[in-house]
Amino acid sequence: MAPLWPRTATKDAAGVLQVGGRDVASLAQEFGTPAYVLDEEDFRARCRDFKQGFAGADVYYAGKAFLCRAIVRILVEEEMNLDVCSGGELRTALAAGMDPARIALHGNNKSVRELTRAVENGVGRIVVDSFDEIERLSAIARERGVRPRVMIRVTVGVEAHTHEFIATAHEDQKFGFSLAGGKAFEAARLILEQDTLELRGLHSHIGSQIFDTSGFEVSARRILTLQERIRTELGAELPELDLGGGFGIAYTSQDTPSPAADLAERMFKIVADECRGLGIAQPHLSVEPGRAIVGPSTFTLYEVGTVKPLDGLRTYVSVDGGMSDNIRTALYDASYSATLASRASQAEPILARVVGKHCEAGDVVVKDEFLPADVRPGDLIAVPGTGAYCRSMASNYNHVPRPPVVAVRDGQARVIVRRETEDDLLALDVG
């Protein structure tokens, strides 16, 4: 079933989807629907793939894709680093036992409180994003008599082939210091002139859902040219380079993601070639996969509630979740796949649209998919590739509680994020 599904996912003779030694019918009975089902062995294997593929580099799991304490503990066991971008993500990482030295803190508007927590806990590196932040962080460091390690986020003017709203490296955007405008060089000069911050290197992130390395090649060339200028004009040989993440995954059969080892081989070559051409020492490389690790490891399990054929168009299959547990289709026009997960069917395929239960015409989970013509209420539908950003961006639209995350491995299932209840919603309502 690869590459859309977790590695242990199969269908048995009765057509029932199995994952981690459990069938989805029993999972639905035990934990209810909708539910995010995470194949723990798949998640761990993808961590190892990146660790092995990028041997000699540092691999930071991008926590924004999906983070909870159980995930952090797995990352610790797999000897992964962790990238966080908020105080909440940082607190989760620390609460679950991640070594602060293995944490990187991102964000375009880090608060004094967030920076202070990072400094006081000895976070391994802080990716600075503005002159205001440099000033803010320097004051915190000076007051505490420490010298935090920092990297400069550089906007290199490369836009990945992705949706406009999640492309993050063109000039007209909120992240980083402009390369073309000279701001990145000035940030390096400012940091090096002070004694409060230790400048370790430069950071670039060019977008999301990227399937080839051509964008990384252009990005590396530009950022290493800046690194050479910093060495020549400011006398600093920066020892590190982070080229970010954004590696694509398969949401449909049309997507062709590259294995981690292939990505690593190409990216190491890009950096080596550019450094050789510039005559500079090759910096220690870092990458930040998030989606590429957790995305394919998880699918969302729904129960069908209503089936509504529209003559000459398509059939609308309504499930018991929707845009509150997967906003990406509505927000990014993202494409997903789906399968009938609870039984086999010999019925002819029909063009279906899987939609949610919310009071919104745009509440679409899967825009177009062929499902059996006999799909009916009570059937289970599984949507793969929902490990990244679905739970992280989930909401309580229409006061719908968010689903649980259930991890499965070796025939055992455990809740790692419990299902919200209506009591949880009312607990925040102090009116």
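Which loop holds Gln 209? Gln 209 lies in the loop that runs between β11 (198-203) and α8 (214-234). Helices (H or I, at least four residues) and strands (E, at least two) are DSSP runs, numbered from the N terminus. The model shown here is predicted: local features need pLDDT of at least 70, side-chain atom pairs count only at pLDDT 80 or more, and totals for chains, interfaces and linings use all residues. Residues are numbered from 1 along each chain as its sequence is written, and side-chain values use heavy atoms, with hydrogens and water left out.

**View 1. Gln 209 and Ser 204 in the loop between β11 and α8.** Phi of Gln 209 is near 55 degrees, a positive value in a residue other than glycine. Most residues other than glycine have a negative phi. Gln 209 is buried, with a relative accessible area of 12%. Buried means under 20% relative accessible area, exposed over 50%, and partly exposed in between (1.4 Å probe, protein chains only). Ser 204, in the loop between β11 and α8, is buried at 1% relative accessibility. Leaving aside neighbours within four places in sequence, Ser 204 is in contact with Val 154, Val 156, Ser 219, Ile 223, Asp 242, Leu 243 and Gly 244. Contact means heavy atoms within 4.5 Å.

**View 2. Backbone at Pro 34 and at Glu 79.** The peptide bond joining Thr 33 and Pro 34 is cis, with omega about -10 degrees. Most peptide bonds are trans. Pro 34 is found in the loop between α1 (24-31) and β4 (35-39). Glu 79 has a phi near 60 degrees, a positive value in a residue other than glycine. The loop that holds Glu 79 lies between α3 (69-77) and β6 (81-84).

**View 3. The crossing of α8 and α9.** The axes of α8 and helix α9 (residues 260-278) come within 9 Å and cross at roughly 35 degrees. Axes are lines fitted to C-alpha atoms, for helices over the stretch in contact, and angles run from 0 to 180 degrees between N-to-C directions. The crossing is right-handed. A crossing is left-handed if the near helix is turned anticlockwise from the far one by less than a right angle, and right-handed if clockwise. On the α8 side, Phe 216, Glu 217, Ala 220, Arg 221, Leu 224, Thr 225 and Glu 228 take part. They meet Met 267, Ile 270, Val 271, Glu 274, Cys 275 and Leu 278 in α9. By class, this contact has 8 nonpolar, 1 polar and 4 charged residues. Ala, Val, Leu, Ile, Met, Phe, Trp, Tyr, Cys and Pro count as nonpolar, Asp, Glu, Lys and Arg as charged, and the others, Gly among them, as polar.

**View 4. Cys 85 and Cys 275.** A search of the whole structure finds 0 disulfides. A disulfide is a pair of cysteine sulfur atoms within 2.5 Å. The closest cysteine sulfur to that of Cys 85 is in Cys 68, 15 Å away, too far for a bond. Cys 85 is partly exposed, at 32% relative accessibility. Cys 275 is buried, with a relative accessible area of 2%.

**View 5. The largest nonpolar core around Phe 43.** A nonpolar core is a set of buried Ala, Val, Leu, Ile, Met, Phe, Trp, Tyr and Cys residues joined through side-chain atoms within 4.5 Å. Of the 104 residues in the largest one, Phe 43, Tyr 61, Phe 66, Ile 126 and Ile 152 touch the most other members. α9 gives the most to this core, with 7 residues. Not counting residues up to four places away in sequence, Phe 43 touches Leu 38, Tyr 61, Ile 71, Ile 74, Leu 75, Ile 293, Val 294 and Ser 297. Apart from this core lies another, of 20 residues, among them Trp 5, Phe 31, Leu 301 and Ala 413.

**View 6. Met 323 in the loop between β15 and α11.** Met 323 is found between β15 (315-319) and α11 (328-332) and is buried, at 12% relative accessibility. With neighbours within four places in sequence left aside, Met 323 is in contact with Ala 330, His 358, Glu 360, Asp 363 and Tyr 397.
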